[in-house]
Amino acid sequence: MSKENEKTVQVYEKNAGKYLKTSIEHDNLDPDKAKRKREKLEKFIKDNIEVLPKGAKILEIGSGDGSNAKYIESLGYDVTASDVAEDFLNAIKSKGLKTIKFNVLEDECEERYSAVLCWRVFVHFTKEDVYKVLQKVHDILEDGGIFIFNCINRETRDVDEEWVDFSNEYHMGVERYYKYFREEELNELIEKTGYKICNFHKEGGDNSNKWLVYVLKK
Ligand SMILES: C[S@@+](CC[C@H](N)C(=O)[O-])C[C@H]1O[C@@H](n2cnc3c(N)ncnc32)[C@H](O)[C@@H]1O
């Protein structure tokens, strides 16, 4: 686990409650936009996991408030939500979801899953962390399992990495570590780990290229 992620996890452990509050305030600034974003994400999740039989086991890493996991459950899957921060874990539990405390860079996972979702979490990983996570999830997945994640595209930023508390997003009053990746460097790590890329696109931001979105198959 990098010291960057370790410090960021500590920030979440202390401030997740604030994050939950400001994320609701943020979405309330433009509820229609928030709704469109939510619907788009849910369609993407559904389109990519519906190849799996109902009841298949799916793990979400870094679930935050648990909305994605709740949606996956509503589609008929056996979902486990996880996070590192107590306030997030309580928010997830309050949605009635199966919940575990899981730091993907530190903790072992005995269970095997048909799919893993890690949405807006790679932003807090160094390149070495990303390689570790790709390997860890590869071990967690059953053969043919699916790994869905996204990263912020370095091409849309001026720096490789920074400590920041974005004022126009889900801010917490404390800086977190953000790392931005180029498609080529991710593809190299993905190939090295042994996944096949089954789906890839860019989305978000002014030029629809803020996020690099991957669906990998073991
Ligand atoms: C920007 S939030 C995204 C939350 C949620 N996935 C979403 O899209 O709303 C980043 C999440 O990553 C989690 N996180 C950061 N480092 C982690 C680690 N090493 N293991 C597991 N979760 C981590 C944080 O606790 C937080 O919930």
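1. Arg120 sits in the loop that runs between strand 4 (113-118) and helix 5 (127-140), and in this predicted model Arg120 has a positive phi of about 65 degrees although it is not a glycine. Arg120 is partly exposed, because 16 other C-beta atoms lie within 10 Å, a count that falls between the limits of 12 or fewer for exposed and 20 or more for buried.

2. Arg120 also belongs to the surroundings of the ligand, being one of the closest residues together with Tyr12, Gly62, Gly64 and Val121, in a shell of 19 residues. Helix 1 (residues 3-29) supplies the largest share of this shell, with four residues, and by class the shell around the ligand comprises ten nonpolar, seven polar and two charged residues.

3. A positive phi is also found at Ser208, a residue other than glycine, where the value is near 50 degrees. Ser208 is placed in the loop between strand 8 (196-203) and strand 9 (211-217), and Ser208 counts as exposed because 10 other C-beta atoms lie within 10 Å, where 12 or fewer is the limit.

4. As to helix packing, helix 2 (residues 31-49) and helix 3 (residues 67-74) pack at an angle of about 50 degrees, and their axes are 11 Å apart. Helix 2 is therefore oblique to helix 3, and the crossing of the two helices is right-handed. Glu42, Ile45 and Ile49 of helix 2 make the contact with Asn68, Tyr71 and Ile72 of helix 3, and the residues of this contact divide into four nonpolar, one polar and one charged.

Methods. Residues are numbered from 1 along each chain as its sequence is written. This is a predicted model: local features need pLDDT of at least 70, side-chain atom pairs count only at pLDDT 80 or more; totals for chains, interfaces and linings use all residues. A residue is near a molecule or strand if its C-beta atom, placed from the backbone, lies within 6 Å of it. Ala, Val, Leu, Ile, Met, Phe, Trp, Tyr, Cys and Pro count as nonpolar, Asp, Glu, Lys and Arg as charged, and the others, Gly among them, as polar. Axes are lines fitted to C-alpha atoms, for helices over the stretch in contact, and angles run from 0 to 180 degrees between N-to-C directions. Angles under 35 degrees count as roughly parallel, over 145 as roughly antiparallel, 65 to 115 as roughly perpendicular and the rest as oblique. A crossing is left-handed if the near helix is turned anticlockwise from the far one by less than a right angle, and right-handed if clockwise. Two residues are in contact if their C-beta atoms, placed from the backbone, lie within 7 Å.
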